[in-house]
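Visitor: I'm new to this structure. Could you walk me through how its helices pack?

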Amino acid sequence: MSSMESLLPKALEYIRWLAAIPGGRGSCTTQERQAGEYVVQELARIGACDARLEAVRGAPSTYRPFALAFSATLLGIVLSWALPGKGSALLAALLNALGAWGMLAETDLASNWLGALLPAGESTNAMGRIPAAGEARRRLVVCAHLDTHRTPVFFSSAAWNRAFSALVGTAFASMPAAALAYLAGGLFAWEAARWLGLAAGALQALALALCLHADLTPYSPGANDNASGVGVALALAARLASQPLERSEVWLLFTGCEETGAAGMRAFLDAHPASQDKPDFFLVLDQVGIGVQGVLTRDGLIRKRRTHPLALQIAQRASEQIPQVRVGWREGVAYTDALAATRRGLPALSLSALPSPGGDQDAHWHRPSDVMEHIDPGAVSDAIAFAWQVLLEADGVGAWAAG
């Protein structure tokens, strides 16, 4: 068995252990911390330096900020009907504008008024480091998130998910539209503004109800999302411990609260800023256990930010070196930890697998069915091989000189 082939059983063992934690690994929960402690133990056993936990303040829920945004806009709409007049119309315009700004900023991982009004929770990052074999010229960060998502009904099937995605898009668009309508209503006594606001309110009320429902559901076991990413990252750490990169120090980062706003990654970027002398590259492994591996060319939920050109260049070179591993290129559906680095101008590559179109596989994204039995060893093997090749390419001088 080759050294690369020997990594697969290790990765599957890690995935199995994490997915078996009772109750899932929700953000800011004891189970999330249990996962972090397990990872630190494994990093120390592998031989990584400075294996440790770092405290993170994060959001316990991804849905509460959106519920607050919809509540604010609905309050404005209700006031426009309860107290008709110029003042209530302008207040409704302001509240809809605030809701739109907060929701856009929240999905773009930017600070905003929604987060400031909601309580934070205690989360954690797990970390370790593999020194370079020679002089370290750069820092490569291999990242995978520890936490799992809740299991609301709108993730229960592909049809439900498409319907919810459409609702989120239209509900968000209704906020600035209602803000403009109410502004016109307040400035020019445009009576139709209230009726347009009422239509927007119907969409927002439905979205609010689904957000409230989501926080009442249990957490996913998270075998694919994202024990698979953690398992692959730990397997790579084992390989790196015996075969370190020549020019790059590799940091292993396992983040908390990715599902609720990437707080773990943002905390890492704040606490360990990039250095001009040793530039960073981030490889994010998120849902790599089922289907065909894919490189995200854009990342984000509402605003899609383009992946850094250097990151895409490194991925292209890696793909050319191992043509036996099938790799697709696609736009992300939601944000990953890579978005936090991309927003700061750092090269960050997100690797995420999807079932082949027309096949009988399912990603089990944010569902109770995201269990070990559905993990595809072939997909995990491909993720290990491609991620390793990405690290080799990122370690090379040529890719950075060309970038």
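**Helices side by side**

Guide: Left-handed means the near helix is turned anticlockwise from the far one by less than a right angle, while clockwise is right-handed. Helices here are DSSP runs (H or I, at least four residues), numbered from the N terminus. This is a predicted model, where local features need pLDDT of at least 70, side-chain atom pairs count only at pLDDT 80 or more, and totals for chains, interfaces and linings use all residues. Residues are numbered from 1 along each chain as its sequence is written, and side-chain values use heavy atoms, leaving out hydrogens and water.

Visitor: How is α3 oriented relative to α7?

Guide: Axes are lines fitted to C-alpha atoms, for helices over the stretch in contact, with angles from 0 to 180 degrees between N-to-C directions. For α3 (residues 64–82) and α7 (residues 192–214), the axes come within 9 Å and cross at roughly 150°. Since angles over 145 degrees count as such, that makes α3 and α7 roughly antiparallel.

Visitor: Which way does α6 run relative to α7?

Guide: The axes of α6 (residues 158–188) and α7 come within 8 Å and cross at roughly 150°. That makes α6, relative to α7, roughly antiparallel.

Visitor: What is the handedness of the crossing where α6 passes α7?

Guide: The contact (heavy atoms within 4.5 Å) includes Phe164, Leu167 and Tyr182 of α6, and Leu196, Leu203 and Leu210 of α7. As α6 passes α7, the crossing is left-handed.

How values were computed:
Helices (H or I, at least four residues) and strands (E, at least two) are DSSP runs, numbered from the N terminus. Angles under 35 degrees count as roughly parallel, over 145 as roughly antiparallel, 65 to 115 as roughly perpendicular and the rest as oblique.
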